[in-house]
Amino acid sequence: MELIVNELAEILKRESNEIEKEAAMAAFLKEVTATIVTQALQLVDDSLIAKQKAQGYRIEKQSQRMVVTTLGEIPVKRRRYVSEDGTAAYPLDDFIGWTK
């Protein structure tokens, strides 16, 4: 948190007018928020492992997907699981409600 506050203070010192200050702060905070959301989604994906394995799925691979949000494009790493009969699933996508 201290690093974020320090960066905001630097933006305030660096930019010369109010509009530039506000635009720079908004861009910085949008980037910070996108990073936090990416990390939170990774934690959710991690939390789904045990449930998927209990249902007979195994992790086939981990891939990255770019998700377009109001924060911009966010990179999301998620696991693809496969059941014994070959059924594939991306539990994080289902959990969040993302569809193709």
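**Entry 1. Terms and model**

I take helices (H or I, at least four residues) and strands (E, at least two) as DSSP runs, numbered from the N terminus. On that basis I place R78 in strand β2.

I note that this is a predicted model, in which local features need pLDDT of at least 70 and side-chain atom pairs count only at pLDDT 80 or more, while totals for chains, interfaces and linings use all residues. Residues are numbered from 1 along each chain as its sequence is written, and side-chain values use heavy atoms, with hydrogens and water left out.

**Entry 2. The sheet**

I looked up the strand order and found an open sheet of three strands, β1-β2-β3, with antiparallel pairing. β1 and β3 (88-89) are the edge strands, each pairing on one side only. For pairing I use the rule that DSSP must find at least two bridges between two strands.

I then examined the pairing of β1 with β2. Strand β1 spans residues 58-69 and strand β2 residues 72-82, and the two pair in the antiparallel sense over 11 bridges. A hairpin of two residues connects β1 to β2. I find T69 opposite G72 of β2, and R58 opposite V82 of β2.

I turned next to β2 and β3, which pair in the antiparallel sense over two bridges. Y81 faces A89 of β3, and V82 faces A88 of β3.

Is R78 buried or exposed? I record R78 as buried, with a relative accessible area of 9%. The scale I apply calls a residue buried under 20% relative accessible area, exposed over 50% and partly exposed in between (1.4 Å probe, protein chains only).

I listed the contacts of R78, taking contact to mean heavy atoms within 4.5 Å. Leaving aside neighbours within four places in sequence, R78 is in contact with D45, K61, Q62, S63, Q64, R65, Y90, L92 and D93.

Which ring lies under the charged end of R78? I find that the charged end of R78 sits over the ring of Y90, 4.0 Å from its centre. The criterion is NZ of Lys or CZ of Arg within 6 Å of the ring centre and within 35 degrees of the ring normal.

I also note a polar contact of 3.0 Å between the side chains of R78 and D93. A polar contact is a pair of N or O atoms within 3.5 Å; within protein, one must be able to donate a hydrogen and the other to accept it, and residues adjacent in sequence count only if both atoms are side-chain atoms.

**Entry 3. Salt bridges**

I count a salt bridge where a side-chain nitrogen of Lys or Arg is within 4 Å of a carboxyl oxygen of Asp or Glu. How many salt bridges does the structure hold? The structure holds seven salt bridges. As background, side chains of opposite charge can pair when their charged atoms come close.

I looked up D93 and R65, whose side chains meet in a salt bridge at 2.9 Å, N to O. D93 lies in helix α4 (residues 91-96) and R65 in strand β1, so this pair ties together parts that are 28 residues apart in sequence. R65 is partly exposed, with a relative accessible area of 23%, whereas D93 is buried, at 7%.

I then looked up R78 and D93, whose side chains meet in a salt bridge at 3.0 Å, N to O. This pair links distant parts of the chain, with R78 in strand β2 and D93 in helix α4, 15 residues apart. Elsewhere, salt bridges that share partners join D45, D46 and R79 into one network.

Leaving aside neighbours within four places in sequence, D93 is in contact with R65, R78 and W98.

I searched for aromatic pairs and found zero in the structure. The search takes rings of Phe, Tyr and Trp (its six-membered ring) as paired if their centres lie within 6.5 Å; planes under 30 degrees apart count as stacked, over 60 as edge-to-face and the rest as tilted.

Where is V5 found? I place V5 in helix α1 (residues 2-14). V5 counts as partly exposed, at 47% relative accessibility. I note that V5 and F28 are 23 residues apart in sequence and 11 Å apart in space, C-alpha to C-alpha.
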